[in-house]
Amino acid sequence: MIGTSLFAGMVERARAQALPQSVAELTRVATDVYMWRSIGHNTIFIVTDEGVIVSDPVGLGNPRSTQMFKAAVASVTDRPVRYLIYSHEHADHATGAAIFSDTLEAVVSHRLAAPKIAARNNPLTPLPTFLVDSQASITLGGRTIDVIYTGRNHSDNSLVIFYEARRLMFAVDFIPVESLPFRTLNDSYITEWIASLKWIEDNLFFDTLVPGHGRIGTKDHVRRMREYFLDLMEGIRAARRAGLADNSAAMTASVRTALTPSYGRWDNFGPYLPENIEGVIRMMREEGIS
Ligand SMILES: [Zn+2]
């Protein structure tokens, strides 16, 4: 009978592995701020006496996920969702806000996100109705949050949500916490990305950093992300000085050796490092950096 039960266990494991990913999690991260995580994507919402402010609908991966998000908001408050803020226009974060259209007063994005969202022509993704150039404040139910453009970085239209009263910032895709940024850094601007991190370090004061993926961090992770890019660029330069060709296996090995002591434990260091090298070299060429 031992053999039979062992076999049953193996079948059970195989069935479990075949199930689709359906991870959803609601976490209170401050008195009136909740983080919603769905299929590897994080977003936040803020509850006030007069309604709710939500950020990204994160509804691309599973058509039911925005229903779950709306139900998660309703699980903590009866107030209607009044404002929705797109962190940037990338479809995995921005799709699905139509679920909240019945009560929304405004959909907020950076000005440069609007034509890109319009071009996608997705009925699940309502167009922005309030466009931000550099900064805007949203006040609802006696609470104020700031929506701030810190320059081009992971996209040309990334907005952060800064909730000064709770010393909390929500920033998507350009400050992953102890994790390498995504793959070849498409759509990005390395010089301004580094500058946007420095601007946040110098100007915004907070204890809690909620990123668009992965674990919650602190303000110190902004500096660490900036230092990662500087160290990566220096690693590329050192490999070039040693005569190694751009994107060669030898260059990757050299940069990996240089960065492992500081960043070897970060998520995705193994798979993404060669692609981060490729992306940074591409941007250094585009931006005329040697
Ligand atoms: Zn993105």
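**Strands first, then a helix pair**

Guide: Let's start with S8 and strand S9 (residues 143–149): the two run antiparallel, and six bridges join them. Keep in mind that this is a predicted model. Within that pairing, Ile 138 sits opposite Ile 145 in S9. Zoom out and you'll find both strands in an open sheet of five, ordered S8-S9-S10-S11-S12, where the pairing is mixed. Its edges are strand S8 (135–140) and strand S12 (208–211), each of which pairs on one side only. Going from one strand to the next, the twist averages 20°.

Now slide over to the other sheet. This one is open too, with seven strands in the order S1-S2-S3-S4-S5-S6-S7, and again the pairing is mixed. Here strand S1 (24–30) and strand S7 (130–132) hold the edges; each has a single partner strand, so one side of each has no neighbour in the sheet.

Have a look at the S7 end. Strand S6 (residues 106–110) pairs with S7 in the parallel sense, over three bridges. If you want a landmark there, pick Val 108, which stands opposite Phe 130 in S7. A helix also packs on this sheet: H2 (residues 65–74). The strands that H2 touches are S1, strand S2 (33–38), strand S3 (41–48), strand S4 (51–54) and strand S5 (81–85). As for direction, H2 makes about 160° with S2.

Last stop, a pair of helices. Two packed helices are described by the angle between their axes and the distance between the axes. For helix H7 (residues 249–263) and helix H8 (residues 269–286), the angle is about 125° and the axes are 11 Å apart. With the cut-off for roughly antiparallel at over 145 degrees and the perpendicular range running from 65 to 115, H7 and H8 are therefore oblique to each other. The crossing of H7 past H8 is right-handed.

And who's doing the touching? On the H7 side you have Met 251, Thr 252, Val 255, Arg 256 and Tyr 263, which meet Phe 269, Leu 273, Pro 274 and Ile 277 in H8.

How values were computed
Residues are numbered from 1 along each chain as its sequence is written. This is a predicted model: local features need pLDDT of at least 70, side-chain atom pairs count only at pLDDT 80 or more; totals for chains, interfaces and linings use all residues. Two strands pair if DSSP finds at least two bridges between them. Helices (H or I, at least four residues) and strands (E, at least two) are DSSP runs, numbered from the N terminus. Axes are lines fitted to C-alpha atoms, for helices over the stretch in contact, and angles run from 0 to 180 degrees between N-to-C directions. Two residues are in contact if their C-beta atoms, placed from the backbone, lie within 7 Å. Angles under 35 degrees count as roughly parallel, over 145 as roughly antiparallel, 65 to 115 as roughly perpendicular and the rest as oblique. A crossing is left-handed if the near helix is turned anticlockwise from the far one by less than a right angle, and right-handed if clockwise.
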